[in-house]
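The following exercises are to be worked with the sequence and the coordinates side by side. Each task is followed by a solution in steps.

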Amino acid sequence: MDYKLYIVEIKEVKTVSNREISCLEVGRREACWSPPSNGGFKLNVDAAINKDMRTMDFGAIIRDSKGEFIAALSKKIVGALSPEMAEAKAVGVALSWARYVGINL
């Protein structure tokens with residue numbers, strides 16, 4: 001499989017209810033992430049559709065219970081999909097990729 005790995009940097013860390021939460025400003029909103037329970041991993045996925053090119057692009061990131069970066073994926077898929085199907089396809093591919101890199105979620 002053709003996977004691209006990227007390293008990301010957390011811009012800000014807050015403590016809420018004794019849990020560290022990383023946050024980024026996205027436009028006028030703040031997007032925050034909280035870690036999974038101890039010993040676990042968390043997979044976050046997002047997809048975007050380009051109707052003109054009839055493609056979808058998506059990204060996925062896996063972090064551990066300390067919020068540490070484990071792996072990330074960026075992939076382009078050819079085909080016209082609805083937003084719901086694009087997200088579902090992204091989750092399916094990301095779960096297969098996680099198993100491929102040795103992480104069982």
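## Exercise 1: The setting of T55

T55 is placed in strand β5, residues 55-64; helices (H or I, at least four residues) and strands (E, at least two) are DSSP runs numbered from the N terminus. The model is a predicted one, in which local features need pLDDT of at least 70 and side-chain atom pairs count only at pLDDT 80 or more, while totals for chains, interfaces and linings use all residues. Residues are numbered from 1 along each chain as its sequence is written, and side-chain values use heavy atoms, with hydrogens and water left out.

Task. Determine whether T55 is buried or exposed, and which residues T55 is in contact with, leaving aside its neighbours within four places in sequence.

Solution. 
1. Apply the accessibility classes: buried is under 20% relative accessible area, exposed over 50%, and partly exposed in between, with a 1.4 Å probe and protein chains only.
2. T55 counts as buried because its relative accessibility is 7%.
3. With contact taken as heavy atoms within 4.5 Å, and neighbours within four places in sequence left aside, T55 touches A48, I49, N50, K76, I77, V78 and G79.

## Exercise 2: The sheet

Task. State what the strand order of the open sheet is and which strands are its edges.

Solution. 
1. Two strands pair if DSSP finds at least two bridges between them.
2. Three strands form an open sheet in the order β4-β5-β6, and their pairing is antiparallel.
3. The edge strands, β4 and β6, each pair on one side only.
4. Between neighbouring strands of this sheet the average turn is 10°, direction ignored; axes are lines fitted to C-alpha atoms, for helices over the stretch in contact, and angles run from 0 to 180 degrees between N-to-C directions.
5. β5 and the antiparallel β6 are joined by nine bridges. Among the facing residues, G59 is opposite S74 in β6, and I62 has A71 in β6 as its bridge partner.
6. The hairpin of β5 and β6 has four residues between the strands, and G67 takes a positive phi near 85° there.

## Exercise 3: The salt bridge

Task. Find which residue forms a salt bridge with D57.

Solution. 
1. The criterion is a side-chain nitrogen of Lys or Arg within 4 Å of a carboxyl oxygen of Asp or Glu.
2. The structure holds one salt bridge. D57 makes it with K76, and the closest N and O atoms are 3.6 Å apart.
3. The pair links distant parts of the chain, D57 in β5 and K76 in β6, 19 residues apart.
4. D57 is partly exposed because its relative accessible area is 30%, whereas K76 counts as exposed at 52%.

## Exercise 4: Confidence

Task. Locate where pLDDT stays under 50.

Solution. 
1. pLDDT is the predictor's confidence in each residue, from 0 to 100.
2. The chain average is 79, and 76% of the residues score at least 70.
3. Residues 1-17 stay under 50. Where pLDDT is low, the predicted coordinates should not be read in detail.
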